Amino acid sequence: MDYDIKDLSLAAAGRLRIEWAAMSMPVLAKIRERFAAEKPLAGLRLSACLHVTTETAGLVKTLKAGGAKVAVCASNPLSTQDDVAASLVADDEVPVFAIKGEDHATYYSHILSALKHRPHLTMDDGADLVSSLHFIALRKWGELEPTVAKWAQGLGEAEQKSLLAQVVGGTEETTTGVIRLRSMERDGVLQFPVISVNDANTKHLFDNRYGTGQSTLDGIIRATNRLVAGSIFVVSGYGWCGRGVAARAKGHGAHVIVCEVDPLRALEAVMDGFQVMPIAKAAPLGNFFCTLTGDINVIRKEHFALMKDGAMVSNSGHFDVELDLPGLAELTESRRGIRPFVEEFRLKTGRRIYVLGEGRLINLAAAEGHPSSVMDMSFANQALSAEYMAKRHSELEKQVYPVPKAIDEEIARLKLEAMGVEIDTLTEEQAAYLSSWEMGT
């Protein structure tokens with residue numbers, strides 16, 4: 001079995017961490033039990049480009065129980081938990097290609113390994129795997145990382161196209177990936193159906209809000225050991241992730257400023273009790289900054305130039321492009337690593353700005369990502385969406401689909417059941433009333 005991880009001897013420690021996470025993932029456990037009996041993914045090769053964490057291990061075990069032949073690569077250079085990767089290789093015989101801190105070339109060599117698995121199903125977190133498949137089929141060599149391009153160019157044209165043609169469908173985990181996929185659909189280049197797991201209510205209402213909220217603050221505090229209470233905390237973006245971070249920062253005692261471009265979200269932030277202003281006005285005020293927009297250059301060179309001495313800047317959006325780090329470098333006289341996941345940029349003015357986690361996902365770079373209890377729902381969506389795609393792909397168009405409502409509701413039901421929570425059911429009279437136009441006041 002081919003694999004590329006840091007150290008296989010870490011497997012025992014990873015196994016214990018996977019076991020600990022599994023205790024808070026009862027929904028995925030129920031799905032795994034059914035998958036083991038029914039084998040809905042039998043005979044399918046599945047390439048997963050995900051954060052290689054304890055919770056992801058639970059998903060991989062579930063997919064494998066369902067009969068899939070799974071290969072895993074990292075969706076972020078800093079998010080891999082090396083002991084978990086070792087356990088998946090040693091204990092579950094899953095080919096894993098992920099090393100925490102891997103450089104750009106290694107990251108794409110791992111993407112290449114997932115491509116060589118020649119998947120029938122893809123499972124992405126950021127759409128790097130899907131976009132690479134399409135770049136190869138469309139022969140867009142300039143868009144590919146050189147290592148991947150060189151390998152792909154060595155294939156015959158028919159084989160290049162077959163890599164994409166054999167994929168029957170995929171799933172996407174995060175907002176950034178969904179944005180890319182919808183752009184591909186809009187441009188008419190998307191060549192297979194993809195389910196947007198990110199849009200499931202049991203994903204974005206819980207994972208994005210509660211998971212990102214808690215884990216982002218966890219990562220910032222672990223990296224800096226600074227007190228949040230009494231500080232000014234600037235949140236760029238008030239989507240579900242931004243809402244979560246703003247709420248948690250407020251809960252820690254920070255004065256929270258929200259920066260938005262969407263008037264409805266900005267209005268919601270105001271009504272939620274937060275101060276709202278443009279980033280140019282917030283830049284001189286903040287002690288902590290965190291971007292969660294999915295867009296590029298949210299905090300730019302001109303904003304860094306306004307920040308106070310000691311400002312700490314982080315990102316919890318998927319890619320590091322939200323921070324204009326090249327622009328910051330132009331303002332910088334010297335830089336040094338001062339703590340793990342904290343780099344000091346000393347500006348030519350003498351002021352210091354601290355970038356956390358290289359501008360990558362701070363909750364995974366400096367902490368452990370979302371709590372397993374919320375990833376239980378997110379990865380239940382992934383597993384059931386993969387099953388749905390395996391069974392129904394021939395009925396679907398080449399577009400991005402939401403998670404079917406029945407799957408979303410079943411996950412919520414299973415989660416409530418696991419928590420020991422009971423809810424009401426409609427009476428026949430109530431159901432009839434809700435479906436009738438004849439019964440009024």
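1. E358 shows how the cut-offs work: its relative accessibility is 49%, so E358 counts as partly exposed. Please keep in mind throughout that this is a predicted model.

2. While we are at E358, have a look at its backbone. E358 has a positive phi of about 60° although it is not a glycine. The residue sits in the loop that runs between β14 (352-356) and α16 (362-365).

3. You will find N225 in the loop between α10 (201-224) and β7 (232-236). With a relative accessibility of 60%, N225 counts as exposed.

4. What is the accessibility class of T224, which lies in helix α10? T224 is buried, because its relative accessible area is 5%. Its side chain reaches back to the backbone oxygen of I220, at 2.8 Å. Leaving out residues up to four places away in sequence, T224 touches F288, M312, R339 and L356.

5. Helix α10 also holds G211, which counts as buried at 0% relative accessibility. Which residues does G211 contact, beyond its neighbours within four places in sequence? They are F206, H370, P371 and V374.

6. S79 deserves a visit if you care about buried polar groups. S79 is placed in the loop between β2 (69-74) and α4 (82-92), and its relative accessible area of 1% makes it buried. The side chain of S79 makes a polar contact with the side chain of H51, at 2.8 Å. Setting aside residues up to four places away in sequence, S79 touches H51, V52, T53 and L364.

7. Now for a whole helix. Helix α5 (residues 104-116) has 13 residues and reaches 19 Å from its first C-alpha to its last, close to the 18 Å expected at 1.5 Å a residue. Its buried residues are Y107, Y108, H110, I111, L112, S113, A114 and L115. What covers these buried residues of α5? The cover includes strands β1 (45-50), β2 and β3 (96-97), together with helices α6 (128-137), α7 (146-153) and α8 (157-165). After α5 comes R118, with a positive phi near 50°.

8. On to charges: the structure holds 27 salt bridges. One of them joins R34 to E38, with the closest N and O atoms 2.8 Å apart. The two residues are 4 places apart in helix α2 (residues 26-38), so about one helical turn separates R34 from E38. A reminder of the geometry: an α-helix has 3.6 residues a turn, so residues three or four places apart point the same way. R34 is partly exposed at 27% relative accessible area, and E38 is partly exposed at 47%.

9. R413 and E417 also form a salt bridge, with their closest N and O atoms 3.1 Å apart. Being 4 residues apart in helix α18 (residues 405-419), R413 and E417 are separated by about one helical turn. R413 counts as partly exposed at 41%, and E417 is partly exposed at 42%.

10. How far apart are the closest N and O atoms of the salt bridge between R352 and D309? They are 2.8 Å apart. This pair links distant parts of the chain, since R352 is in strand β14 and D309 is in the loop between α14 (301-304) and β11 (311-315), 43 residues apart. R352 is partly exposed at 28% relative accessibility, and D309 is partly exposed with 38%. Elsewhere, R17, D83, D218, R222 and E368 are linked in a network of salt bridges.

11. Last, the nonpolar surface. L267, V270, M271 and V276 make a nonpolar surface patch of about 380 Å². Which element gives the most to this nonpolar patch? Helix α12 (residues 263-271) does, with 3 residues. M271 lies in that helix and counts as exposed, because its relative accessibility is 66%.

Notes
Residues are numbered from 1 along each chain as its sequence is written. This is a predicted model: local features need pLDDT of at least 70, side-chain atom pairs count only at pLDDT 80 or more; totals for chains, interfaces and linings use all residues. Side-chain values use heavy atoms; hydrogens and water are left out. Buried means under 20% relative accessible area, exposed over 50%, partly exposed in between (1.4 Å probe, protein chains only). A polar contact is a pair of N or O atoms within 3.5 Å; within protein, one must be able to donate a hydrogen and the other to accept it, and residues adjacent in sequence count only if both atoms are side-chain atoms. Contact means heavy atoms within 4.5 Å. Patches are made of residues with over 30% relative accessible area and no salt bridge: like charges are joined within 9 Å, nonpolar side chains (Val, Leu, Ile, Met, Phe, Trp, Tyr) within 5 Å. Accessible areas come from the Shrake-Rupley method with a 1.4 Å probe; for residues, only the protein chains shown count as cover. A salt bridge is a side-chain nitrogen of Lys or Arg within 4 Å of a carboxyl oxygen of Asp or Glu. The expected span of a helix is 1.5 Å times one less than its number of residues.
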